Structures are given as structure tokens and as C-alpha cells.
Amino acid sequence: MKEERDDVLQTEGITRPSRQPGTVRPDIKVSFEFFPPKTDAMEARFWNSISRLAPLKPRFVSVTYGAGGSTRERTLRMVSQITKDTGVPAAAHLTCVSASKRDVDEVIRGYAQAGISRIVALRGDPPEGVGQPFTPHPEGYQNAADLVAGIRKLGNFDISVAAYPEKHPQSPDWDADIDNLKRKLDAGADRAITQMFFENADYWRFVERARKAGIEAPIVPGIQPIHSFKQISGFAGKCGASIPHWLTERFDGLDEDPETHALVAAAVAAEQVTELLDSGVTEFHFYTLNRSSLVLALARLLGIRP
């Protein structure tokens, strides 16, 4: 992959994929992630965003699963309704934290009965909070790889798992981190979707580590548009993603200037996705935070139109 990327960037006379006409541009696949809304107003925005993004024909739209399964019923309702109302394939998130295998298997069967064939399988964060030690339920799945294997036994699901370009905060070293990813994929996952990152070099180094370890499955970059730099900085601190100094400088002093903040956010996200596209990436996963405008603009830059 590195050689292919270098060819794209260095071979004289080759046009950047992001600037090629649609007739010759690479086929781009996108997916979008949402979270279950908690209020009527938030639900209205949720469905408005879904309706605006559905015409882009994403590979799937996923809905997250609250800590300890706290949003299980809402997640199931949203995912079922997305597919019913829009025809877009929907994926439900699933964790194994604080639950027995019996309870998790019941959720998996419920997804299958509702016609949901895509699952984003995650270990999940402990009830004590992000960063705290994870202790498996005594009768539960031991980790994400174990969960993937359990899902595979119960049905023919399309399964995505998580990857961490800057290493999972609880991984002792890179070897352990890559080995954990390999176990999840070997257990039956179809692809890995990365945690958000803002330095594309981190993504490419991670992909190279994975390929050297014999991982051949797609590693889809997870892109986080910055609707609120303060909010995203908080998220990053909890999940082990770093905020580069140059990014902090770009948003410095914009807390009370939403218009300029939005323009800078658009420029930052556009720079990231076009650079990835020009480097050979053809699959993207967008963390929408239930908003659509910036994601719509990024899809257009990738050549995706309704």
C-alpha cells in the first residue's frame, strides 16, 4: 500500500484523484455514524440529518450503543426505522461490557429478527468511565474478539470492529495493540474502522504496522468533523486521540466566533479527506454527531452526490 501511495503522490504527470472528473475518479464508499437522540428536539435533528445524507447511498449508517447497553432499545428502534424509512442499510453497535453472554446473544437475535444484518462490535467502556480497567462479566464475552466470534455463531452478519491509529490507551505496546486487532479480524470481522485522528501520518503508520502483521482486511479511516473544537478536544482526551498543536492554533480564540469556527472546521476536514483520497484511500467513515451539513460538503469533495 505504501508503494501505491507513493506512486500516486510522486509519479510525474499523474492527476490528483480528488481533482479528477467523476467519470474516472475512484469508486468511493462512505458510512455515517449517529447516536440515539435523548430529546424530541435532538430526535428531529437526527431524522433531518438522516434524510439529508441518505441520498448519498452510504454503505451503511450506524447507531451507537450506550455504556452498558443503556440505549439498547433506542438503538434498535432507530436502526430499524432507518432501514424501513430510507432503504439505507443500517448497522447497530453492540458492546459486551457488564452483560452476560446470554443477554448479549439475546440482543444479537433481536437484531436479526428486526432484519438488521450489520453490527459494529466493540468491547465497550467500563461503567466506571473511559480509561478505567476493564473487567469482563463473569458470564460474559471476554473481549471484542470473543464478541465477534459469538456474533459469527449466531448469524451471517457484516461485522465492523474498532482500530486505534495512535494505539488504544490501555494497550501496553504496539505489538499488543496490533495483535488485538488481528484477533478481532481473525474471529470473523469484515473490516476495522479507526478511532478519530487528525494527523494522517498516524493513520498510514498504523496501516503499515497492520499489513506487516499479516492483516489484509480494510482499515477504514474514521473522520471526525469538528463542529465544536472544545467538545472534540474533550472526546479526544477520553479516547486516546491527540490534538496536534497546529490544530489547537487554528481554533484558538474562536469559541465566541461560530461563523469563523465553522469555516476553519470545514477547511481542516477538507484538507484531511482530500489528502487521504489523493494517497489512495477509497473508504471513509464519518462521525456525524447527528449533524449533516459539513459531512455533505465532505462527501461532495470526495465526488459523492445525491
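How many bridges join β5 and strand β6 (residues 191-194), and in which sense do the two pair? They pair in the parallel sense over four bridges; strands here are DSSP E runs of at least two residues and helices are H or I runs of at least four, numbered from the N terminus, and two strands pair if DSSP finds at least two bridges between them.

This is a predicted model, where local features need pLDDT of at least 70 and side-chain atom pairs count only at pLDDT 80 or more, while totals for chains, interfaces and linings use all residues. Residues are numbered from 1 along each chain as its sequence is written, and side-chain values use heavy atoms, with hydrogens and water left out.

**View 1. The open sheet.** Nine strands line up in the order β7-β6-β5-β4-β3-β2-β1-β9-β8, with parallel pairing. β7 (219-220) and β8 (222-223) stand at the edges with a single partner strand each, so one side of each has no neighbour in the sheet.

**View 2. Strand β5 and its partners.** Strand β4 (residues 118-122) pairs with strand β5 (residues 158-163) over three bridges. Here you can find Ile119 opposite Ile159 and Val120 opposite Ser160. Towards β6, look for Ala163 opposite Thr194.

**View 3. Both faces of β5.** Asp158, Ser160 and Ala162 lie on one side, and Ile159, Val161 and Ala163 on the other; all are buried (under 20% relative accessible area, with exposed over 50% and partly exposed in between; 1.4 Å probe, protein chains only).

**View 4. Around Phe284.** Leaving aside neighbours within four places in sequence, Phe284 is in contact (heavy atoms within 4.5 Å) with residues including Ile28, Val30, Leu277 and Leu302.
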